[in-house]
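Thank you for making the time this morning. I would like to walk you through one model, going from individual contacts to the chain as a whole.

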Amino acid sequence: MHCKVLIALCCVAVYAVQASPAGTAAAAAVSADEEIKDFPAYMKRFDKLNVEQVLNNDRVLASHLKCFLNEGPCVQQSRDLKRVIPVIANNGCNGCTEKQMTTIKKSLNFLRTKKPTEWARLVKIYDPSGTKLNKFLDA
């Protein structure tokens, strides 16, 4: 379930934004990136996440998106996934396994195509240049 939320977060990096300035959110994203000392080990917690289940459950997806967009509370799984988004934006998931990469791309592409408004807000927070996440997905 954790991996699905990650991908749903990453792609399910997911739903809704708080009215905080982009600079503040970006700074928070950078500090979250710095807190993950062993990214490959951290990512293992999402290996059993059922991404399809998260992406296809509007209530769960909306909850994750609200967390990612700083518009609502974060359950532990959402909080863990939220920490991964800036890392992916900054290094393209360097250290991810092939399965994790596939899942993350699937989730993010889902958000980009099915939730374009939320995707745009997510990019604004975690990738202010607007290029890194899209480049990661198009690679």
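Predicted model: local features only at pLDDT ≥ 70, side-chain atom pairs only at ≥ 80, totals over all residues.

Let me begin with a term: when I say that two residues touch, or are in contact, I mean that they have heavy atoms within 4.5 Å. With that in mind, please look at Ser-78, which touches His-64, Cys-67 and Phe-68 when residues up to four places away in sequence are not counted. Residues are numbered from 1 along each chain as its sequence is written, and side-chain values use heavy atoms, with hydrogens and water left out.

Ser-78 is found in helix H6, where helices (H or I, at least four residues) and strands (E, at least two) are DSSP runs, numbered from the N terminus. Is Ser-78 buried or exposed? Its relative accessibility is 0%, so Ser-78 counts as buried; the cut-offs are under 20% relative accessible area for buried and over 50% for exposed, with partly exposed in between, using a 1.4 Å probe and protein chains only.

Let me now turn to the helix pair around that serine. Helix H5, residues 58-68, and helix H6, residues 76-91, pack at an angle of about 55 degrees, and their axes are 9 Å apart. The axes here are lines fitted to C-alpha atoms, for helices over the stretch in contact, and the angles run from 0 to 180 degrees between N-to-C directions. H5 and H6 are therefore oblique to each other, on a scale where angles under 35 degrees count as roughly parallel, over 145 as roughly antiparallel, 65 to 115 as roughly perpendicular and the rest as oblique. From H5, the contact is made by His-64, Cys-67 and Phe-68, and from H6 by Gln-77, Ser-78, Arg-79, Leu-81, Lys-82 and Ile-85. Sorted by class, this contact of H5 with H6 has four nonpolar, three polar and two charged residues, where Ala, Val, Leu, Ile, Met, Phe, Trp, Tyr, Cys and Pro count as nonpolar, Asp, Glu, Lys and Arg as charged, and the others, Gly among them, as polar.

The loop between H5 and H6 holds two residues that I would like to point out. Val-75 has its place in that loop and is partly exposed, with a relative accessible area of 48%; its C-alpha atom is separated by 8.7 Å from that of Ser-63, twelve residues apart along the chain. Asn-70 lies in the loop between H5 and H6 as well, and at 16% relative accessibility Asn-70 counts as buried.

Backbone angles come next. Most residues other than glycine have a negative phi. Asn-70, however, has a positive phi of about 60 degrees although it is not a glycine, and Cys-93, also a residue other than glycine, has a positive phi near 70 degrees. Cys-93 is placed in the loop between H6 and H7, and it counts as buried at 1% relative accessibility.

Lys-99 counts as exposed, at 54% relative accessibility, and although Lys-99 and Asp-47 are 52 residues apart in sequence, they are 8.2 Å apart in space, C-alpha to C-alpha.

H7 in turn packs with helix H8, residues 116-126, at an angle of about 120 degrees, with their axes 5 Å apart. That makes H7 oblique to H8. The residues making the contact are Leu-108, Leu-111, Arg-112, Thr-113 and Lys-114 of H7, together with Pro-116, Trp-119 and Leu-122 of H8, and they divide into five nonpolar, one polar and two charged.

Finally, let me step back to the whole chain. The protein chain has nine helices and zero strands. Buried residues make up 47% of its 139 residues, and of the contacts with a separation of 6 or more, 83% are between residues 24 or more positions apart.
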